[in-house]
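Let's take a walk through a protein model together.

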Amino acid sequence: MARFHLHLLSDSTGETLEMIAKAALAQFDDSDVLRHFWPMVRSQQHLDRIMGEIAAHPGLVFFTLVNEETRGRLEERCQQLGLPAIAVLDGVTDALEAALGQEAKGRPGRQHRLDDAYFARVDAIQFTIAHDDGIAWEDWEEADIVLAGVSRTSKTPTSIYLANRGYKVANIPVVVESPPPPLLYGLKRPLVVGLTTAPERLIQIRRNRLLSLSQSPDTDYVKSDRVENELKYARRMFADNSWPVIDVTRRSIEETAAAIINLYNERKAEGPQDPVGPKPI
């Protein structure tokens, strides 16, 4: 299959455009696509330099440019080169303008402005980093979400992903020999979610982790009976405290986070609830 060139032009960070392109490309197998990423395109001079590269590597052009003059020049140049240029957000923006009865502001990078939501997201990231792996458990009541699970069930990367979405997240490893602090069972504000996975998958992940650290893979940490006992212990804890459980065996971090956000929104819609516990094991 011949290599296909995809050019992504944005007048801001390009994060949205990259995500759209990535999601669309995921629908195609065995595609040899080379992505050319051009963020912060806000001047004619910058665009002209990029057009030289596009002409040298012709392909499909996706863009999110709100300045009419800049996007008009891009579309004109692409037409001259015989290349399709797609404004990926136009359909969504047009629909919103019709529904809301007003025109879009058309300011580059508007979604990244330093508003209250931005600073709340920064605060969430700082909180999450400071409350990783059971640290500072005294502050858990301030969290939006608390994740619990045995070692290597993606607690930390899921927490960081959720923090980037604006949620304050704490996480704690479930260890048979070291029960969590009693505070966990009486939390009122946070949503506590248990993460679990298939034993064979967990053993594989743990073994790879040990090998990456140049450690022996023959330890209790990866023994089948030990791993199964850990997971049973964790599942019993989750069930006894009526915490929702997500099996991460076949889920990506993004899918796990989406499921947690759905649970969080459902709980928020139901209003404050008293904890079932305390029911420590």
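## Charged pairs

The side chains of D48 and R73 come together in a salt bridge, with 2.9 Å from N to O. D48 sits in helix α2 (residues 44-56) and R73 in helix α3 (residues 68-81), so this pair ties together parts that are 25 residues apart in sequence. Before going further, keep in mind that you are looking at a predicted model. As a bit of background, side chains of opposite charge can pair when their charged atoms come close.

Which other residue does D48 form a salt bridge with? That partner is R77, and here the closest N and O atoms are 3.5 Å apart. R77 is in helix α3 while D48 is in helix α2, so this pair links parts that are 29 residues apart in sequence. How covered up are these residues? D48 is partly exposed, with a relative accessible area of 30%. R73 counts as partly exposed at 31% relative accessibility, and R77 counts as partly exposed at 25%.

How many salt bridges does a search of the whole structure find? It finds eleven. One of them joins R3 and D32, whose closest N and O atoms are 3.4 Å apart. R3 lies in the segment before β1 (4-10), and D32 lies in the loop between α1 (15-25) and β2 (33-38), so the pair ties together parts that are 29 residues apart in sequence. D32 is partly exposed, its relative accessible area being 29%.

Salt bridges can also share partners: E177, R206, R226 and E230 are joined that way into one network.

## Inside the protein

In soluble globular proteins, nonpolar side chains tend to be buried together. The largest nonpolar core in this model has 24 residues, and V146, V174, L184, M237, F238 and W243 touch the most other members. At least two residues of this core come from each of β5 (145-149), β6 (169-173), α7 (199-212) and α8 (224-240). Which element gives the most? That would be α8, with six residues.

Pick out L184 if you want to see some of the packing: leaving out residues up to four places away in sequence, L184 touches W140, V146, V192 and W243. There is also a second, separate core of 15 residues, and L147, V169, L191 and L195 are among them.

Is L8 buried or exposed? L8 lies in strand β1, and L8 is buried because its relative accessible area, 1%, is under the 20% cut-off. Not counting residues up to four places away in sequence, L8 touches L17, E18, A21, R35, H36, F37, W38 and F62. L8 and P39 are 31 residues apart in sequence, and their C-alpha atoms are 7.8 Å apart in space.

Next, find H131, in the loop between α5 (116-130) and β5. H131 is buried too, with a relative accessible area of 5%. Setting aside neighbours within four places in sequence, H131 is in contact with A136, D139, W140, V169, A170 and N171.

## A nonpolar patch on the surface

Some nonpolar residues are on the outside. I20, L89, V92, L96 and L100 form a nonpolar patch on the surface, and together they have about 420 Å² of accessible area. Helix α4 (residues 90-100) provides the largest share of this patch, three residues.

L100 is placed in helix α4. Why does L100 count as exposed? Its relative accessibility is 57%, and the cut-off for exposed is over 50%, so L100 falls in that class.

Most residues other than glycine have a negative phi. D30 has a positive phi, near 55 degrees, and D30 is not a glycine. You'll find D30 in the loop between α1 and β2, where D30 is exposed with a relative accessible area of 69%.

S154 also has a positive phi, about 70 degrees, although S154 is not a glycine. S154 belongs to the loop between β5 and α6 (155-164). S154 is partly exposed, with a relative accessible area of 28%.

Note on methods:
Residues are numbered from 1 along each chain as its sequence is written. This is a predicted model: local features need pLDDT of at least 70, side-chain atom pairs count only at pLDDT 80 or more; totals for chains, interfaces and linings use all residues. Side-chain values use heavy atoms; hydrogens and water are left out. A nonpolar core is a set of buried Ala, Val, Leu, Ile, Met, Phe, Trp, Tyr and Cys residues joined through side-chain atoms within 4.5 Å. Buried means under 20% relative accessible area, exposed over 50%, partly exposed in between (1.4 Å probe, protein chains only). Helices (H or I, at least four residues) and strands (E, at least two) are DSSP runs, numbered from the N terminus. Contact means heavy atoms within 4.5 Å. Patches are made of residues with over 30% relative accessible area and no salt bridge: like charges are joined within 9 Å, nonpolar side chains (Val, Leu, Ile, Met, Phe, Trp, Tyr) within 5 Å. Accessible areas come from the Shrake-Rupley method with a 1.4 Å probe; for residues, only the protein chains shown count as cover. A salt bridge is a side-chain nitrogen of Lys or Arg within 4 Å of a carboxyl oxygen of Asp or Glu.
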